[in-house]
Amino acid sequence: MKTIAKKKYQPVLQLPPLSAEELAGLRASIRQHGILVPIMLTEDGRIIDGNNRKQIADELGIGCPEVVQPGLDEEEIRALARSLNIARRQLGREQRRQLVADQLRETPGWSNRRVAKALGVDHHTVASVRLDLEPTGEIPQLGYTTGLDGKDRPATRAVPIVHRSPVERQARIEATQLIHGDCREVLPTLPAASVDLIVCDPPYPEVDREYGRMSEAAWMDLMRAVVRGCRLVLRPQGSMVVLLQPGYERIGRMRTWHLEFALWAAKEWSLVQDLYWHVPDAFPSAGTDRKAGLLKASVKWLVWLGPADCYRDRDAVLRPPSEPVTTRQRPDDPRDSPSGRTRRMGRMHRTALERGGTVPPNCLILPKGGGSPGSEDHPAVTPMAQCEWLCKYLLPEKSVLLDPFCGSGSTLLAALDAGASRVIGIDREKKYLEIARRRVEAG
Ligand SMILES: C[S@@+](CC[C@H](N)C(=O)[O-])C[C@H]1O[C@@H](n2cnc3c(N)ncnc32)[C@H](O)[C@@H]1O
């Protein structure tokens with residue numbers, strides 16, 4: 001460590017402020033003994049540790065010894081600032097968790113042990129803070145995290161265990177109807193206006209699957225029939241979400257079936273809002289290799305069809321107000337944004353606090369990481385996190401969900417968990433319905 005010449009004396013982080021009592025104690029001690037522990041600076045003169053000491057020394061006109069911590073990158077500087085803060089001060093449990101949460105928001109890809117080592121806290125604490133932040137979308141649920149050695153490893157995550165009574169289990173079994181057959185033939189046999197929400201992840205064209213390969217033309221025929229059939233069984237305020245994974249004809253030339261389908265469906269019925277799903281832990285495909293030079297395909301389409309006033313419960317999917325909203329004072333001065341609109345930041349933040357959260361964007365960030373437990377024998381399973389989010393947002397209480405391509409039943413389980421009174425799954429393959437049945441029975 002060495003002393004430096006050019007200094008800015010700005011703290012690298014806004015850390016929890018000292019209480020008035022702590023501040024008075026520190027001031028009295030500095031007045032009596034001077035600064036005993038040097039403050040720590042970055043190479044460009046920002047304060048890593050000792051902001052309060054520096055301010056008090058300046059107020060009292062006392063010299064303040066300094067040391068410089070060289071050779072750290074920005075992430076390491078900020079982590080060090082947090083760790084020294086945790087080590088030096090008598091922080092309460094919530095304040096410690098707050099600092100861990102800040103670190104996870106900044107470096108969600110660090111493993112729990114790496115964050116724990118950087119901040120000097122227990123890795124169980126980091127795991128528990130991560131569990132609080134992931135479901136709210138504040139940090140992504142990553143399939144892999146990077147350890148201290150720089151290696152990526154599958155993220156370890158506690159799987160929530162649900163204990164159900166035999167009565168509850170029986171009620172779930174009785175609420176489930178599994179129908180074997182081609183959904184084009186089954187849909188017309190269901191009563192009209194009897195379903196509240198349809199969520200499905202259909203097969204995709206020109207993809208080899210255990211359950212077959214379809215041409216784009218055959219796929220469009222299938223989906224036209226399915227959308228028309230589904231529309232008839234929905235109640236007036238019901239809606240339908242179709243999950244689509246865009247694909248390539250060859251590298252550098254995309255297929256356009258997902259665009260054609262969305263356009264057809266929007267004209268035939270009505271697109272409520274364009275909705276996307278960003279999968280941060282999507283697997284790199286052939287297009288991402290060195291020669292092809294494309295980007296990782298990580299966005300799926302959620303084609304949301306229904307009447308303009310279809311049921312949705314945005315309050316159920318609000319994100320908790322972020323740290324800047326809850327802790328920083330924002331002036332209410334009008335601000336001009338680059339789009340030319342004027343916004344009042346203070347009012348925006350107050351609204352978020354009154355509402356109890358901020359409105360999620362129409363591109364959901366949901367990792368595949370957690371998968372769909374119990375569905376391992378199905379080749380193309382929909383992650384539970386996606387099914388759960390859609391049910392939370394679009395399924396009214398005690399209502400009916402239908403999945404015309406239900407496979408191993410992920411959407412059905414999510415709807416049962418969300419309190420559906422009935423779930424109906426259709427699939428052409430008996431063995432997949434068997435998996436769905438096992439999963440429902442397992443509770
Ligand atoms: C992508 S998978 C659905 C996965 C499901 N969401 C899950 O989590 O297991 C598509 C499913 O559609 C089924 N399928 C394909 N064509 C069908 C048809 N015409 N009628 C009913 N099911 C069909 C396949 O057997 C397959 O299980």
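Q: How many bridges join β7 to β8, and do the strands run parallel or antiparallel?
A: Bridges are how strand pairing is counted. This model is predicted. In it, 5 bridges join β7 to β8, and the two strands run parallel.

Q: Is β7 buried or exposed?
A: Count neighbours. A residue is buried if 20 or more other C-beta atoms lie within 10 Å of its own. In β7, 6 of the 6 residues are buried, so the strand is largely enclosed by the rest of the structure.

Q: What share of the protein chain is buried?
A: The chain has 443 residues, and 30% of them are buried. Its secondary structure comes to 15 helices and 17 strands.

Q: What do the contacts say about sequence distance?
A: Take contacts between residues at least 6 apart in sequence. Of these, 71% join residues at least 24 apart. Here is a single pair to look at. Asp73 and Thr42 are 31 residues apart along the chain, and their C-alpha atoms are separated by 9.8 Å.

Q: Where is Asp73, and is it buried or exposed?
A: Asp73 sits in the loop between β3 (66-68) and α3 (74-88). It has 8 C-beta neighbours inside 10 Å, so it counts as exposed.

Q: Which residues of α9 are buried, and where do they lie around the axis?
A: The buried ones are Met223, Val226, Val227, Cys230, Arg231 and Val233. Look down the axis of α9. These buried residues fall within an arc of 150 degrees, so they line one face of the helix. What covers them includes α8, β7, β8, α10 (257-268), β12 (299-305) and β16.

Q: How does α15 read by the same steps?
A: Start with its length. Helix α15, residues 430-442, has 13 residues and reaches 18 Å from first C-alpha to last, close to the 18 Å expected. Next, burial. Tyr432, Leu433, Ile435, Ala436, Arg439 and Val440 are its buried residues. They cover an arc of only 150 degrees around the axis, which puts them on the same side of α15. On the other side, Lys430, Lys431 and Glu441 are exposed. The buried residues pack against α7 (166-174), β6 (176-180), α14 and β17.

Q: What is the phi of the residue after α15?
A: Gly443 follows α15, and its phi is positive, near 85 degrees.

Q: Which residues other than glycine have a positive phi?
A: Two examples will do. Glu206 has a positive phi of about 55 degrees. Glu206 lies in the loop between β7 and α9. With 15 C-beta neighbours inside 10 Å, Glu206 counts as partly exposed. Lys398 has a phi near 45 degrees, also positive. Lys398 is in the loop between α13 (384-394) and β16. Lys398 is exposed, with 10 other C-beta atoms within 10 Å.

Q: How many residues surround the ligand, and which are the closest?
A: List the shell, then sort it. Here 25 residues surround the ligand, and Thr382, Phe405, Gly407, Ser408 and Ser410 are the closest. The elements giving two or more residues to this shell are α8 (183-186), α14 (410-417) and β17 (422-427). By type, the shell divides into 11 nonpolar, 8 polar and 6 charged residues.

How values were computed: Residues are numbered from 1 along each chain as its sequence is written. This is a predicted model: local features need pLDDT of at least 70, side-chain atom pairs count only at pLDDT 80 or more; totals for chains, interfaces and linings use all residues. A residue is near a molecule or strand if its C-beta atom, placed from the backbone, lies within 6 Å of it. Helices (H or I, at least four residues) and strands (E, at least two) are DSSP runs, numbered from the N terminus. Ala, Val, Leu, Ile, Met, Phe, Trp, Tyr, Cys and Pro count as nonpolar, Asp, Glu, Lys and Arg as charged, and the others, Gly among them, as polar. A residue is buried if 20 or more other C-beta atoms lie within 10 Å of its own, exposed if 12 or fewer, and partly exposed in between; C-beta atoms are placed from the backbone. The arc is that of the directions from the helix axis to the C-beta atoms. Two residues are in contact if their C-beta atoms, placed from the backbone, lie within 7 Å. The expected span of a helix is 1.5 Å times one less than its number of residues.
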